[in-house]
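Biologist: I would like to learn how to read a few features of this structure, starting with aromatic side chains. Could you take me through them one at a time?

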Amino acid sequence: MQTISRVLQEGKENGILVRTGQYKSFRPKLLLLLGIFLAVLVTIFIVSVSTINSTGLQSVVTTVTSTFVPCREDEPNSLGKWIQPPTVLMHNMTDEELLWRASFWPRRKGYPFKRVPKIAFMFLTKGPLPLASLWERFLKGHKGLYSVYVHPDPSFNAKFPADSVFYKRQIPSQQVAEWGRMTMCDAEKRLLANALLDISNEWFVLVSESCIPLYNFTTIYTYLSQSKHSFIGAVDDPGPFGRGRYNDNMEPEVPIAKWRKGPQWFEVDRNLAATIVKDALYHQKFREFCRPACYSDEHYFPTMLTIEKPTALANRSVTWTDWSRGGPHPATFGRSDITEEFFGKIFDGENCSYNGRNTSMCYLFARKFAPSALEPLLHIAPKIMGF
């Protein structure tokens, strides 16, 4: 007893407090906590086994892994945001907002990703596309090498089956495009701007509901992709229907020496498309001072590009049109006109320059064709046009 008392006394002197009673009461509490913990584990195990038996292991794994969100390449700050084409063409941007958005384009040569250049076919229409099935056949088998955009009258809502190349390819049209006025050019710029939002679109072809392709897709793709120039007519016409339409108020931005005339239907590369979309200077001049009998859709693009990018132009259109019958509009061809001899005149009618060489292959598209021409066109296309 004396020894024990001495030890306790020394412990107090060294600051050590021995609590024998508290130690004895701690052991039951520890055992209680351990028991509760084991009970929780057993409960979780039973619930897990029951869930797997009723729903399957895969659903459990899916439930667990779905709570984790891995990094994705299409996050807001990734490159994917910039290179993916719009999945929905309809939007609520104003023309001003759209043109501003489409004016962004890379200044650096080359692309840091695998880019397959495409042709953007831009349909400027009043409403339906009566020759759609011919274009469907022309484009079949070439997915990934083309894009389709349709600009109809604002009151028209295109309806195509889900497997059609025209399905949901209508863009917002803000106003009626009036023949000969700047509203027509505005519609064309709207088509270009929407097509520029797809970074893979490299060549832009403007066609109407009465246009047809004259060759198969591969031939047209090769012709455009290997050309050193864009195909837009820009003629200095000294007569009353050329320089005679010029207004002196366009000086000094648009001098008469640069005044040009050309067909409405064109093909331009991405660089020229961006040049057209970003323009505001010449657009304002034409809106104010080129009104019927000055037809802006025949003068605006040819004149503006002659001033800005003259060496990029082939100075001819690749869309064949027949003006031989006279009048303000070209000839329209129906069922009875569709013969091998008719197309022979188009294919062998004239020669032109292609990359500095003389060629008889001057036209890739033709117009105007009536709805009645569809059936004979589908019949003759495999032999004459190669599709």
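Biologist: Is Trp100 buried or exposed?

Modeller: Keep in mind that this is a predicted model, so every value here is computed from predicted coordinates. A residue counts as exposed when its relative accessible area is over 50%; Trp100 has a relative accessible area of 58%, and therefore it is exposed. Phe104, with a relative accessible area of 48%, is partly exposed.

Biologist: How do the rings of Trp100 and Phe104 pair?

Modeller: The angle between the ring planes decides the label, and over 60 degrees the pair is edge-to-face. Trp100 and Phe104 form an edge-to-face pair, with 90° between the planes and 4.9 Å from centre to centre.

Biologist: Which kind of aromatic pair do Tyr215 and Phe347 form?

Modeller: Tyr215 and Phe347 form a tilted pair, with 45° between their planes and 5.3 Å centre to centre. Tyr215 lies in the loop between strand 4 (212–213) and helix 8 (217–225), while Phe347 belongs to helix 12 (residues 340–347), so the pair ties together parts that are 132 residues apart in sequence. Both Tyr215 and Phe347 are buried.

Biologist: How many aromatic pairs does the structure hold, and which residues form one aromatic cluster?

Modeller: There are 31 aromatic pairs in the structure. One aromatic cluster includes Phe121, Trp135, Tyr146, Trp203 and Phe387 among its members. A ring can also be read together with a charge, as with Tyr149, where the charged end of Arg169 sits over the ring, 5.2 Å from its centre.

Biologist: Let us turn to the cysteines. How many disulfides are there?

Modeller: A disulfide is read from the distance between two cysteine sulfur atoms, which has to be within 2.5 Å, and by this rule the count comes to two. In Cys290 and Cys294 the sulfur atoms are 2.0 Å apart, and in Cys352 and Cys362 they are 2.2 Å apart. When the bonded cysteines are numbered in sequence order, the pairing is 1-2, 3-4.

Biologist: Why is the disulfide of Cys290 and Cys294 called left-handed?

Modeller: The handedness follows from the torsion about the S-S bond, which for Cys290 and Cys294 is about -85°, so this disulfide is left-handed. Cys290 and Cys294 are both buried. For Cys352 and Cys362 the torsion is about -115°, so that disulfide is left-handed as well. Cys352 is in strand 7 (residues 352–354) and Cys362 in the loop between strand 8 (357–359) and strand 9 (365–366), 10 residues apart. Cys352 is buried at a relative accessible area of 11%, and Cys362 is buried at 3%.

Terms used:
Residues numbered from 1 in each chain as written. Predicted model: local features only at pLDDT ≥ 70, side-chain atom pairs only at ≥ 80, totals over all residues. Heavy atoms only, no water. Buried < 20%, exposed > 50% of the residue type's maximum accessible area, 1.4 Å probe, protein only. Helix = DSSP H or I, 4+ residues; strand = E, 2+ residues; numbered from the N terminus. Phe/Tyr/Trp six-rings, centres within 6.5 Å; stacked < 30°, edge-to-face > 60°. Lys NZ or Arg CZ within 6 Å of the ring centre and 35° of its normal.
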